Number of protein chains: 2
Amino acid sequence: MTHPQPIAWRGDCLRILDQTRLPAAVEYVDARSAADVADAIRRLAVRGAPLIGIAAAYALALEARNGADVRAAAAELVATRPTAVNLRWAVDRVLAAWDGDPARAEAEAARIHREQIEADERIGRFGADLIVANATVLTHCNAGGLATGGIGTALGVIKTAHVGGKLVRALVDETRPLLQGARLTAWELEQAGVPYEVIVDAAAAGIIARGNVQAIVVGADRIAANGDVANKVGTYGLALAAAAHSVPFYVAAPLSTIDVATPTGAGVGIEERDDAEVLAFAGKSIAPDGSAARNPAFDVTPAALVTAIITERGVLRPPYGASIAASMKQAVAAS
Amino acid sequence: MTHPQPIAWRGDCLRILDQTRLPAAVEYVDARSAADVADAIRRLAVRGAPLIGIAAAYALALEARNGADVRAAAAELVATRPTAVNLRWAVDRVLAAWDGDPARAEAEAARIHREQIEADERIGRFGADLIVANATVLTHCNAGGLATGGIGTALGVIKTAHVGGKLVRALVDETRPLLQGARLTAWELEQAGVPYEVIVDAAAAGIIARGNVQAIVVGADRIAANGDVANKVGTYGLALAAAAHSVPFYVAAPLSTIDVATPTGAGVGIEERDDAEVLAFAGKSIAPDGSAARNPAFDVTPAALVTAIITERGVLRPPYGASIAASMKQAVAAS
């Protein structure tokens, strides 16, 4: 099984797989400074909250090695994606470890990278245990190694279930408007040798109704203290269809995705992105000139529709207010 | 308010708006024989069950006028889309009226066309009465004049509500994979001066959850005797989201769409179309080479999720077994 290596530390540069070119081309860019990494983050060559954090950590290691201004670079990196919690967290960790010694910065970046790889592996094992034999498992967007640097969260569960012989196939929502499912998840499953079929997002409910899906596993962008899940737009509709047909709906995410400062999903702002993502594709307009669009990037799935949240410290079950609080407490005690 | 004129009878030809070219280009082809019309139906230049029936009726009028073999032409036309019920029904009506006289064939084709236009108007009025003031109404695919030759069924309701001052805007699902929403419905609403916004299909549930939709109106490909509705894939997911948030879910369709020989939606075969429709977007490949897809063209919405069925003979309410049977009986008595 081959996993993507979306970033690779080369000592004098960070080699970055350019995700904007997938699946048409597998191309790498070598970032030799924090400015190069910041540019790659801005143009989405590197994406996925955990992976952005790791890339920024290595960017500071590069900057320390180059004898450049590490604190200025840290500020530039944090500004690239101001809402990504992992980004600031990773930058702060490297700054604290650095202490003027490039070797320490590099070691801390490598540690953050390794921790995420290990978290993915644990999420994969905990999640695969929940998958029944001969399952078709549906996923949305890309919560894969391309977003984490490891085997992925939701895709970590799918890949581990495949290795365990439980998986018939993955069903991959194409995930309009930016097609992270058709472009990135399909590519990643192809690399990993996991059988998959791509579907349009709107086909999922009917396929679930016909009994052809045994589990749904998705990632998360933010999980509120009560277990409400903000994730890529389309996740909520999947959760409704799952509930209507008693199909388990799992969210796979590291504990760092849980924001206890957000009490419920109502407190999560929904980013509205550019109309052009909806109205054009590959530079070609699909709607009449002058059309307007709405383009919410996320939606919120209420905790009541979530069967379980799969974390690197185990599987959280309802009521999530209690299970999340207990898990966060254990994590703090262990760190 | 401008409505599309997807076909126009010119005496010596049937002028057909080429829907495959919309919205990039508004182009017409002049069909001068039944073979020309059959070709236009096959390549989807003319689409929508009612409109295909009307086009086939005019095709026989052309054939009668040309002194050609009308019965052979009828067989060719019926074979173009074997599952379209309206097609066979319209062809049979023209054959029965013809009796060797080209003028009679032409008059019957015009009558079928006029009846559909009138049915759309009635559906529009009955449906608009159901829409509350200041409504945002969501629709899926294209159940418009481009599919009927009139003002449309679901779009007839939206246009009539707009004329009545009730509509804030229409929300238009883009309707992957063939984008009939973004391409055709958006174009038709633009022509009609109805304010609209295009959304990706997966965005609907989250927008409904935030209270921004007051009604959903869709068309139907087939309605079973119990009120189960087969329609473009994605309809079922919309109905689930509507039910979860107590948003009325209306189906607008002529009585000819109801198939009393199909007891429930379980009896409706779901056409699986070519993978290539999913794996490419606007002609460009979006997934890795060798990817597989599933491409169901329709799904089935159970009658329990349908608030009302809007027909040209009035609004049908649950229990649909009884209301459909009564309505069909009245229609037969009136004909």
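Q: Leaving aside neighbours within four places in sequence, which residues is I216(A) in contact with?
A: In this predicted model, I216(A) touches L138(A), I208(A), L238(A), A242(A), V247(A), P248(A), F249(A) and Y250(A), once neighbours within four places in sequence are set aside.

Q: And how many residues does the largest nonpolar core have?
A: That core has 137 residues, and I216(A) and I216(B) are those with the most contacts inside it.

Q: Let's turn to strands. How should I read the two faces of strand β6 of chain A, and are their residues buried or exposed?
A: Start with the general idea: side chains in a regular strand alternate between the two faces of the sheet. Now the case here: in β6(A), residues 196–199, Y196(A) and V198(A) lie on one side, while E197(A) and I199(A) lie on the other. All four are buried, which leaves both faces covered.

Q: In which sense do strand β5 of chain A and β6(A) pair?
A: They pair in the parallel sense, over four bridges; β5(A) spans residues 167–173. For a spot to look at, find V172(A), which stands opposite V198(A) of β6(A).

Q: Which strand of chain B do bridges join to β6(A)?
A: It is β14(B), residues 292–293, which runs parallel to β6(A) and is joined to it by two bridges. There, E197(A) has A292(B) as its bridge partner.

Q: Now for helices. At what angle do α3 and α4 of chain A pack?
A: The angle is about 170°, and the axes of α3(A), residues 70–80, and α4(A), residues 85–98, are 9 Å apart. Because angles over 145 degrees count as roughly antiparallel, α3(A) is roughly antiparallel to α4(A). From α3(A), the contact is made by V70(A), R71(A), A74(A), L77(A), V78(A) and T80(A); from α4(A), by L87(A), R88(A), V91(A), L95(A) and W98(A).

Q: How about a whole sheet: in what order do the strands of the four-stranded open sheet of chain A come?
A: The order is β11-β8-β9-β15, with mixed pairing. At the edges are β11 (258–259) and β15 (298–301), each pairing on one side only. Within the sheet, β8(A), residues 222–224, and β9(A), residues 229–232, run antiparallel and are joined by two bridges. Look for R222(A) opposite A230(A) of β9(A).

Q: Which strands of this sheet does helix α10 of chain A touch?
A: Helix α10(A), residues 235–244, packs on the sheet and touches β9 and β15 of chain A. Its direction makes about 30° with that of β15(A).

How values were computed. Residues are numbered from 1 along each chain as its sequence is written. Chains are lettered from A and ligands numbered from 1 in the order in which they are written. This is a predicted model: local features need pLDDT of at least 70, side-chain atom pairs count only at pLDDT 80 or more; totals for chains, interfaces and linings use all residues. Side-chain values use heavy atoms; hydrogens and water are left out. Buried means under 20% relative accessible area, exposed over 50%, partly exposed in between (1.4 Å probe, protein chains only). Two strands pair if DSSP finds at least two bridges between them. A nonpolar core is a set of buried Ala, Val, Leu, Ile, Met, Phe, Trp, Tyr and Cys residues joined through side-chain atoms within 4.5 Å. Contact means heavy atoms within 4.5 Å. Axes are lines fitted to C-alpha atoms, for helices over the stretch in contact, and angles run from 0 to 180 degrees between N-to-C directions. Angles under 35 degrees count as roughly parallel, over 145 as roughly antiparallel, 65 to 115 as roughly perpendicular and the rest as oblique.
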